[in-house]
Amino acid sequence: MKLFLDTASVQEIRTVWEIGILDGVTTNPTRVAKEGRELEDVLREICALGVPSVPAEVVAADVSPFIGRLDDHSENSTDFVRDILTIYRHHEYPTEVWVASVRHPMHVLEAARLGADIATMPQAVMEKLPVHPLTDIGIARFLKDWKKAPE
Ligand code: G3P
């Protein structure tokens, strides 16, 4: 599954690109409006960054379930994504499923588990993916103990 950043902020793209797990970028009118900038300028800057983009006609042939918004209304987004993936795969449709409205890392895990093609998410979610506090604690402890070891 590919990991996309859902944003219209060039700064956010630059920051997340540094993590090294970014496959592409999506956006929507709400995010563009939040930036308060001309769409053309934003798109030009994003393209200049060299982040992979997908032609509009390809996106139009795909579907993008907004799972966070489904959950907000007590709909089971997992069942929904599983159903559409089952139908498309069963009938061998080439449709890709771009899971969006991702709110936390468990949404990403669920999308991957179900077999979604892409999960697109805000910066705050993507930054949590490669991080685990127990890893940080473990490394800090090993480094501390390494200094105690006789040379
Ligand atoms: O870009 C579409 C979707 O990801 C929006 O997410 O959090 O506004 O429901 P959200």
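This section describes the ligand shell and the aromatic pairs of a predicted model.

Residues are numbered from 1 along each chain as its sequence is written. In this predicted model, local features require pLDDT of at least 70 and side-chain atom pairs pLDDT 80 or more, while totals for chains, interfaces and linings use all residues; side-chain values rest on heavy atoms, without hydrogens and water.

Polar contacts are pairs of N or O atoms within 3.5 Å. A polar side-chain atom of D6 is 2.4 Å from an oxygen atom of the ligand. For the side chain of S101, the distance from an N or O atom to a ligand oxygen is 2.6 Å, and for that of N28 it is 2.7 Å. Of the 310 Å² of accessible area that the ligand has on its own, the protein covers 84% (Shrake-Rupley method, 1.4 Å probe).

The whole structure contains 2 aromatic pairs (ring centres within 6.5 Å; planes under 30 degrees apart are stacked, over 60 edge-to-face, the rest tilted). F4 and W98 are edge-to-face, at 5.2 Å centre to centre and 75° between the planes. F4 lies in strand 1 (residues 2-6) and W98 in strand 3 (residues 98-99), 94 residues apart (strands are DSSP runs of E, at least two residues). Both F4 and W98 are buried (under 20% relative accessible area; exposed is over 50%, partly exposed in between). The pair of Y88 and Y93 is tilted because the planes stand at 50°, with the centres 5.9 Å apart. Y88 is buried at 16% relative accessibility, whereas Y93 is partly exposed at 44%.

Definitions and conventions: Polar contact = N/O pair within 3.5 Å; in protein donor to acceptor, adjacent residues only side chain to side chain. Phe/Tyr/Trp six-rings, centres within 6.5 Å; stacked < 30°, edge-to-face > 60°. Helix = DSSP H or I, 4+ residues; strand = E, 2+ residues; numbered from the N terminus. Buried < 20%, exposed > 50% of the residue type's maximum accessible area, 1.4 Å probe, protein only.
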